[in-house]
Amino acid sequence: DSCREYQLNCLRQLGLKPKHYLADIGCGPLQGGVAFINYLDQSKYYGIDKNPDKLDEAYRIVRTNGLSKKNPNLILSDTFGYKELNKEVFDFFWISQVFYYFTKKYIIELLKMVLKHSHKDSVIYGDIIGPEHYENKTHEHGWILHTIDSLDEICRPMGFTVQSCGRIADYGYPKRLALAQNILVKISYK
C-alpha cells in the first residue's frame, strides 16, 4: 500500500490532476495503477505492459476493486503502445522502477512513442538506481545503471532534456526499502 500511495503522491506533487491523461509504462498488476485509476477522471488512465500474465492480473484487480466504471485502458504492447495507441495524447508518462531494464535501444523506442503521443508540455517521470545503492558495487541484479548524464546523452538528440528531481524517498517511497535511494528523473522537451 505504501508503494502504491508513493506513486500517486509523487505525481500529484509534480502536477498530476484528475483531468490529465497518464500512460503508466510497465504497469504490471497495477501496483500504482489502482491509486491512479481511483484518482484520475474516467478513461484517463492507460496502463501499458508487455507481459500478458501481468495484464491478466491487472484486469482481475480492476474487477475485484470495482474500478471498471472508471474505464481504465490496459494495453498489451512490446512497443510501449506505439502501435496500439491511436490518437491518444498524454500529459504524463510514468515509468516507475523500470528504467534500469532499458538499454539505449529501448529508451529510444520509448521516446519515439512519446513523440507520437505527447504535446509540448508533456513530461516523463521515472527513476534510476541511485549512486548509494548496493547494485553499483555488486551488480547483483545486472541492472543497467543509467545516470542523469547518460540518459541525457540518449534523450537530447531526440529533442528532450533530463534533470534530477531528487531521491524517490523524498516523495514518499518507503525509506526502509533499498530502492528508496533511486533518483527521480524528469524528461521533458527542450
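The exercises below, each with a worked solution, concern the fold and side-chain packing of one predicted model.

Residues are numbered from 1 along each chain as its sequence is written. In this predicted model, local features need pLDDT of at least 70, side-chain atom pairs count only at pLDDT 80 or more, totals for chains, interfaces and linings use all residues, and side-chain values use heavy atoms, with hydrogens and water left out.

**Exercise 1. Strand β4 and its partners**

State how β4 pairs with β1 and with β5, and explain why β4 is described as largely enclosed.

*Solution.* 
Step 1. Strands of a sheet pair through backbone hydrogen bonds, either parallel or antiparallel.
Step 2. Three bridges join β1 and β4 in the parallel sense; leucine 22 has phenylalanine 92 in β4 as its bridge partner.
Step 3. β4 and β5 also run parallel, joined by five bridges, and phenylalanine 93 stands opposite isoleucine 124 in β5.
Step 4. By contrast, β5 and β7 run antiparallel and share six bridges; here isoleucine 124 stands opposite isoleucine 187 in β7.
Step 5. Buried means under 20% relative accessible area, exposed over 50%, and partly exposed in between (1.4 Å probe, protein chains only). Six of the six residues of β4 are buried, so the rest of the structure largely encloses this strand.

**Exercise 2. The two faces of helix α6**

Decide which residues of α6 are buried and which are exposed, and explain the pattern.

*Solution.* 
Step 1. α6 spans residues 148-155, and its buried residues are Leu151, Asp152, Ile154 and Cys155.
Step 2. These buried residues fall within an arc of 160 degrees when seen down the helix axis, so they line one face of α6. The arc is that of the directions from the helix axis to the C-beta atoms.
Step 3. Asp149 and Glu153 are exposed on the other side of α6.
Step 4. A contact means heavy atoms within 4.5 Å. The buried residues of α6 pack against α4 (104-116), β5 (118-128), β6 (160-167) and β7 (183-189).

**Exercise 3. Aromatic pairs**

Classify the pair of phenylalanine 36 and tryptophan 94, and that of phenylalanine 92 and tyrosine 125.

*Solution.* 
Step 1. Rings of Phe, Tyr and Trp (its six-membered ring) pair if their centres lie within 6.5 Å; planes under 30 degrees apart count as stacked, over 60 as edge-to-face and the rest as tilted.
Step 2. The structure contains 13 aromatic pairs. For phenylalanine 36 and tryptophan 94, the centres are 6.4 Å apart with 80 degrees between the planes, and the pair is edge-to-face.
Step 3. This pair links helix α2 (residues 33-39) to strand β4 (residues 90-95), its members being 58 residues apart. Phenylalanine 36 and tryptophan 94 are both buried.
Step 4. For phenylalanine 92 and tyrosine 125, the centres are 6.3 Å apart and the planes lie at 20 degrees, so this pair is stacked.
Step 5. Phenylalanine 92 in β4 and tyrosine 125 in β5 are 33 residues apart, and both are buried.
Step 6. One aromatic cluster is formed by Tyr6, Phe36, Tyr45, Trp94 and Tyr173.

Definitions and conventions. Helices (H or I, at least four residues) and strands (E, at least two) are DSSP runs, numbered from the N terminus. Two strands pair if DSSP finds at least two bridges between them.
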